[in-house]
Every structure is written in C-alpha cells, then in structure tokens.
Amino acid sequence: MKIALIAHDGKKADMVHFLSGFKKQLQNSNIELVATGTTGSHIEKIGIKVQKVLSGPIGGDAQIAALAAQKELTMVIFFRDPLDKHPHEPDVQMLMRICDVHNIPLATNPAAADLMFKQLTSKF
C-alpha cells in the first residue's frame, strides 16, 4: 500500500500535524509514503519515513501523477491552498484529473484525509 503526500507551502504544517496523529499506525503498518520534495522534508523531521520525489513546482506533482497512472498508489493526500496562486497549477489539475481517470482516492483537505486514512489504518 502506497500513499502520496503533497502540500502547498501554506498547508505543510497542516500535513505534518495530520500525520503526527497517525505516526504509530504508520510505523506499525506496511504503508509506504511518497511525497514531493519539500513536503517530504517536513514529514521526515517528525520521524516518519517517506520516499521523496522532486519538489512540486519542478516536476514532483507530475511524478506523483505518473505513479497514479501506473496504479502504484492507494491514495493521494494533497493539501491544497485554495487562497493562494500557484505557478504550477496546470500540474495540480493534471494530477487531480489522473486520480479521477484511474479511480485513485484523493483527499484535498484534512477532514477528507482523516476519514480515508482512518479507514485504511483500521486494518492495522
């Protein structure tokens, strides 16, 4: 099971806070985490193991989308900042479209991520 994690700059603290609530379940499961570069660096600081790809604006969103297209992801958690402009918005839209095309669950806020994550981790 592999979960992709992405957070815009204004939401990185939310991602770290969210994951800290599931730290024990993550350490005692077979869930693999993959994250865009900067988000992954923040996650590592709280002691959670994560595979990092490029930073979102320089191709990380596209790398995550490629994993989704190849059916290598169980879920994508992408904490988007809807109140800020993002120069790589076409990549964001492409990732969301790929998730829809390949039926990959996508959570774009902590409430949705919490529901999905609790369902996945309830098996552990």
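Helices and strands here are DSSP runs, numbered from the N terminus; a helix has at least four residues and a strand at least two. On that basis, the protein chain reads β-α-α-β-α-β-α-β-α-β-α along its sequence. Its radius of gyration is 13 Å, close to the 14 Å that the globule rule gives for 124 residues, so the chain is as compact as a globular protein of that length. The model is predicted.

**Fold and dimensions**
- The protein chain has six helices and five strands.
- Along the principal axes, its C-alpha atoms fill a box of roughly 35 × 30 × 25 Å.
- Take the contacts between residues at least 6 apart in sequence: 71% of them join residues at least 24 apart.

**Burial and surface**
- Of the 124 residues in the protein chain, 44% are buried.
- The accessible surface of the chain is about 6500 Å².
- Carbon and sulfur atoms account for 53% of that surface.

**Charge**
- The protein chain carries 14 positive and 12 negative side chains.
- The centres of these two sets lie 6 Å apart.

**Aromatic rings**
- The whole structure contains four aromatic pairs.
- In one of them, Phe18 and Phe22 have ring centres 5.1 Å apart and planes at 50°, so this pair is tilted.
- Phe18 and Phe22 are both buried.
- Phe18 and Phe22 also belong to a cluster with Phe79 and Phe117, linked by ring pairs.

Technical notes: Residues are numbered from 1 along each chain as its sequence is written. This is a predicted model: local features need pLDDT of at least 70, side-chain atom pairs count only at pLDDT 80 or more; totals for chains, interfaces and linings use all residues. Side-chain values use heavy atoms; hydrogens and water are left out. The radius of gyration is taken over C-alpha atoms; the globule rule is 2.2 Å times the number of residues to the power 0.38. Buried means under 20% relative accessible area, exposed over 50%, partly exposed in between (1.4 Å probe, protein chains only). Contact means heavy atoms within 4.5 Å. Accessible areas come from the Shrake-Rupley method with a 1.4 Å probe; for residues, only the protein chains shown count as cover. Lys and Arg count as positive and Asp and Glu as negative; His and the chain ends are not counted. The place of a charge is taken as NZ of Lys, CZ of Arg, CG of Asp or CD of Glu. Rings of Phe, Tyr and Trp (its six-membered ring) pair if their centres lie within 6.5 Å; planes under 30 degrees apart count as stacked, over 60 as edge-to-face and the rest as tilted.
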